Amino acid sequence: MTIKAIILDIDGTLLNDEKEITAKTKQALIDAQKQGIKVILASGRPTTGMKKHVEELQMDKYEGFIVSFNGACVVDCKTDEILFNQAISVEDSKAILEHLKQFDVKPMIDKEDYLYVNDVFDNIVTLPTGEFNIIEYESRGGNFKLCEIDDLAAFVDFSLNKILIAGDPEYLQENHQKIKEPFEGQLNAMFTAPVYFEFTDKGIDKAKALDSVLPDFGIQAHEIISFGDGHNDQSIIEYAGVGVAMENAVDALKAAADEITLSNNNDGIAVMLEKYL
């Protein structure tokens with residue numbers, strides 16, 4: 001089969017556990033681009049949090065794309081043109097943020113250079129590995145400055161591509177149904193990691209974003225190979241001609257995939273590209 005595009009989730013897929021692209025995987029992706037194959041990063045991250053990897057993979061040179069906010073936005077790496085954008089309305093954003101006040105969670109929203117939170121010092125979540133500063137992690141990863149806002153619901157007068165909710169994994173598991181219940185059928189709500197629960201606009205996912213853009217560039221779904229590890233990658237795994245789950249992927253994604261490759265720590269992407277390219 002002819003592969004015209006490679007779709008890659010970032011965390012747990014493109015990056016190893018040290019948050020790095022290994023030399024072998026980087027070279028495999030640059031070699032693919034030299035053959036005229038598009039590389040597309042598709043992540044829950046904000047657009048600003050993906051630019052570092054765009055530069056590292058030379059995607060601006062080879063005219064790649066980034067799909068950010070779990071599919072709410074698509075940007076052309078060469079021109080910085082926004083090709084697709086679907087945000088949560090101001091009204092819905094306010095309603096979500098108001099609803100979240102009754103839960104022991106840390107909501108985070110962004111606009112331009114800033115990540116807005118209630119309290120920069122209320123930043124710890126408890127993971128199996130110990131305590132973790134989730135607000136620092138998100139602000140550094142997205143290249144954001146931090147700003148405290150006591151009442152995010154009252155503050156928001158702009159549409160949001162997503163609302164990120166962080167919390168202790170056990171607490172989120174116990175309460176995520178209550179968190180999303182008022183917005184069922186109205187908005188998307190999903191886990192993107194045990195520590196993250198996110199809202200996006202209704203119908204948004206990574207595959208929808210891709211399908212709104214790629215046909216205009218002569219790329220059809222059956223000409224795509226996709227890689228992922230999480231629940232929010234299922235749409236791209238099912239959309240692509242070849243959907244590949246990493247060895248470290250959640251079980252549901254492995255069940256949906258056409259192939260299972262090695263883990264993000266063992267060049268699983270490069271190994272599978274050797275097979276198909």
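Lys 206 lies in helix 7, where helices (H or I, at least four residues) and strands (E, at least two) are DSSP runs numbered from the N terminus. The model is a predicted one, in which local features need pLDDT of at least 70 and side-chain atom pairs count only at pLDDT 80 or more, whereas totals for chains, interfaces and linings use all residues. Residues are numbered from 1 along each chain as its sequence is written, and side-chain values use heavy atoms, with hydrogens and water left out. With a relative accessibility of 0%, Lys 206 counts as buried; buried means under 20% relative accessible area, exposed over 50%, and partly exposed in between (1.4 Å probe, protein chains only). When neighbours within four places in sequence are left aside, the contacts of Lys 206 (heavy atoms within 4.5 Å) include Asp 9, Ala 42, Ser 43, Gly 44, Val 67 and Asn 70. Gly 71, Asn 232, Asp 233, Ser 235 and Ile 236 are also among the residues in contact with Lys 206.

An open sheet of mixed pairing is formed by eight strands in the order 5-4-3-2-1-14-15-16; two strands pair if DSSP finds at least two bridges between them. Strand 5 (82-85) and strand 16 (259-260) each have a single partner strand and stand at the edges, so one side of each is left without a neighbour in the sheet. Three bridges connect strand 4 (residues 73-76) with strand 5 in the antiparallel sense, and Val 75 stands opposite Ile 82 in strand 5. Helix 7 (residues 206-213) packs on this sheet and touches strand 1 (5-8), strand 2 (38-42), strand 3 (65-68), strand 4 and strand 5. The direction of helix 7 makes about 135° with that of strand 5; axes are lines fitted to C-alpha atoms, for helices over the stretch in contact, and angles run from 0 to 180 degrees between N-to-C directions.

A further open sheet, also of mixed pairing, contains six strands in the order 10-7-6-11-13-12. Its edges are strand 10 (145-148) and strand 12 (187-193), each with a single partner strand, so one side of each is left without a neighbour in the sheet. The twist from one strand to the next averages 25°. Strand 11 (residues 163-166) and strand 13 (residues 196-201) run antiparallel and are joined by four bridges, with Tyr 196 in strand 13 as the bridge partner of Ala 166. Helix 6 (residues 169-180) packs on the sheet, where it touches strand 11, strand 12 and strand 13, and its direction makes about 20° with that of strand 13.

The axes of helix 1 (residues 23-34) and helix 10 (residues 268-276) come within 8 Å and cross at roughly 40°. Helix 1 and helix 10 are therefore oblique to each other (angles under 35 degrees count as roughly parallel, over 145 as roughly antiparallel, 65 to 115 as roughly perpendicular and the rest as oblique). In this contact, Lys 24, Thr 25, Ala 28 and Leu 29 of helix 1 meet Ile 269, Ala 270, Leu 273 and Glu 274 of helix 10.

Most residues other than glycine have a negative phi. Asn 143, which is not a glycine, has a positive phi of about 55° and is found in the loop between helix 4 (134-141) and strand 10. At 54% relative accessibility, Asn 143 counts as exposed. Asp 267 likewise has a positive phi, near 55°, and its place is in the loop between strand 16 and helix 10. Asp 267 counts as buried, at 17% relative accessibility.
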